[in-house]
Amino acid sequence: MEFSEVVRRRRMVRRYADRPVDPALVDKVLEHATRAPSAGFSQGWAFLRLDTPVDVARFWEVTSPAHADPEGRWLSGMRTAPVVIVPLTSKDAYLDRYAAPDKGWTDRDEARWPVPYWYVDAGMATLLALQTVVDEGLGACFFGITPERVGDFREAFGVPASYQPLGAITIGHRHPEDTGSSGSPARRERRAVADVVHRGYWGS
């Protein structure tokens with residue numbers, strides 16, 4: 001698929017067909033994710049791969065907010081995904097890397113960072129994963145894990161405290177009835193390029 005077509009087709013899929021995903025494709029998604037740029041080549045990301053029915057069911061059990069989606073529409077669709085990948089990031093990996101001799105900083109002071117690149121870089125890795133899914137003809141959706149559920153998630157999957165989950169990615173074959181988003185994109189128009197690009201000077 002042409003790259004421009006991958007970009008155009010990328011969207012969040014919220015319901016999946018009852019078909020398995022080839023493990024080799026999941027391998028490719030994760031390999032591509034690790035090709036993302038990272039500050040100082042810190043590579044402070046990690047990915048929890050859940051691709052068995054038992055592990056996927058456990059993920060939903062420990063992360064689903066009891067108060068959310070009272071009619072079950074969102075969860076019932078998302079739970080049909082056969083694969084869940086959780087991208088995580090380690091702030092310590094970045095603070096340690098930039099305290100190394102070749103970087104010149106003598107401490108791990110977080111205030112030196114203009115923005116938290118541990119989130120920026122893991123976000124770029126996540127986007128590469130989403131784009132790879134589209135290129136392989138599959139569907140995916142990225143969504144958050146609510147803060148009150150992160151502790152249960154860590155305990156269930158043995159995730160160390162030094163790694164913070166960004167959210168989760170469901171992956172699968174798109175269900176034929178999933179014809180478009182019923183979420184915010186269905187209620188809001190995409191902003192025009194001219195409205196968001198400021199060339200040379202941010203004028204009024």
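How are α3 and α7 oriented to each other, roughly parallel or roughly antiparallel? Keep that in mind while we look around this predicted model.

## The overall picture

The chain has 9 helices and 5 strands. The C-alpha trace spans about 55 × 50 × 35 Å along its principal axes.

Of the 204 residues in the chain, 38% are buried. Take the contacts between residues at least 6 apart in sequence: 82% of those join residues at least 24 apart.

## Helices α3 and α7

Back to the opening question. Helix α3 covers residues 53–63 and helix α7 covers residues 147–157; the two pack at an angle of about 150°, with 8 Å between their axes. Angles over 145 degrees count as roughly antiparallel, so α3 and α7 are roughly antiparallel to each other. The crossing of α3 past α7 is right-handed.

Which residues meet here? From α3 come D55, R58, F59, E61, V62 and T63, and from α7 come R149, D152, F153, A156 and F157. Sorted by class, this contact has 5 nonpolar, 1 polar and 5 charged residues.

## Helices α2 and α6

On the α2 side of the contact you'll find K28, V29, H32 and A33, while α6 brings A125, L128, A129, T132 and V133. The split by class is 6 nonpolar, 2 polar and 1 charged.

## A salt bridge from K28 to E136

Side chains of opposite charge can pair when their charged atoms come close. Searching the whole structure turns up 9 salt bridges. One of them joins the side chains of K28 and E136, at 2.9 Å from N to O. K28 sits in helix α2 (residues 23–33) and E136 in the loop between α6 (117–135) and β3 (139–143), so this pair ties together parts that are 108 residues apart in sequence.

Are these two side chains buried or partly exposed? K28 is partly exposed, at 34% relative accessible area, and E136 is partly exposed at 26%.

R108 and D96 form another salt bridge, with their closest N and O atoms 2.6 Å apart. D96 is in helix α5 (91–97) and R108 is in the loop between α5 and α6, 12 residues apart. R108 is partly exposed at 37% relative accessibility, and D96 is partly exposed with a relative accessible area of 42%.

R97 pairs with D102, and here the closest N and O atoms are 2.7 Å apart. How exposed are the two partners? D102 counts as exposed at 54% relative accessibility, whereas R97 counts as partly exposed at 22%.

Finally, have a look at D27, R49 and D51. These residues are linked in a network of salt bridges.

Technical notes:
Residues are numbered from 1 along each chain as its sequence is written. This is a predicted model: local features need pLDDT of at least 70, side-chain atom pairs count only at pLDDT 80 or more; totals for chains, interfaces and linings use all residues. Side-chain values use heavy atoms; hydrogens and water are left out. A salt bridge is a side-chain nitrogen of Lys or Arg within 4 Å of a carboxyl oxygen of Asp or Glu. Helices (H or I, at least four residues) and strands (E, at least two) are DSSP runs, numbered from the N terminus. Buried means under 20% relative accessible area, exposed over 50%, partly exposed in between (1.4 Å probe, protein chains only). Axes are lines fitted to C-alpha atoms, for helices over the stretch in contact, and angles run from 0 to 180 degrees between N-to-C directions. Angles under 35 degrees count as roughly parallel, over 145 as roughly antiparallel, 65 to 115 as roughly perpendicular and the rest as oblique. A crossing is left-handed if the near helix is turned anticlockwise from the far one by less than a right angle, and right-handed if clockwise. Contact means heavy atoms within 4.5 Å. Ala, Val, Leu, Ile, Met, Phe, Trp, Tyr, Cys and Pro count as nonpolar, Asp, Glu, Lys and Arg as charged, and the others, Gly among them, as polar.
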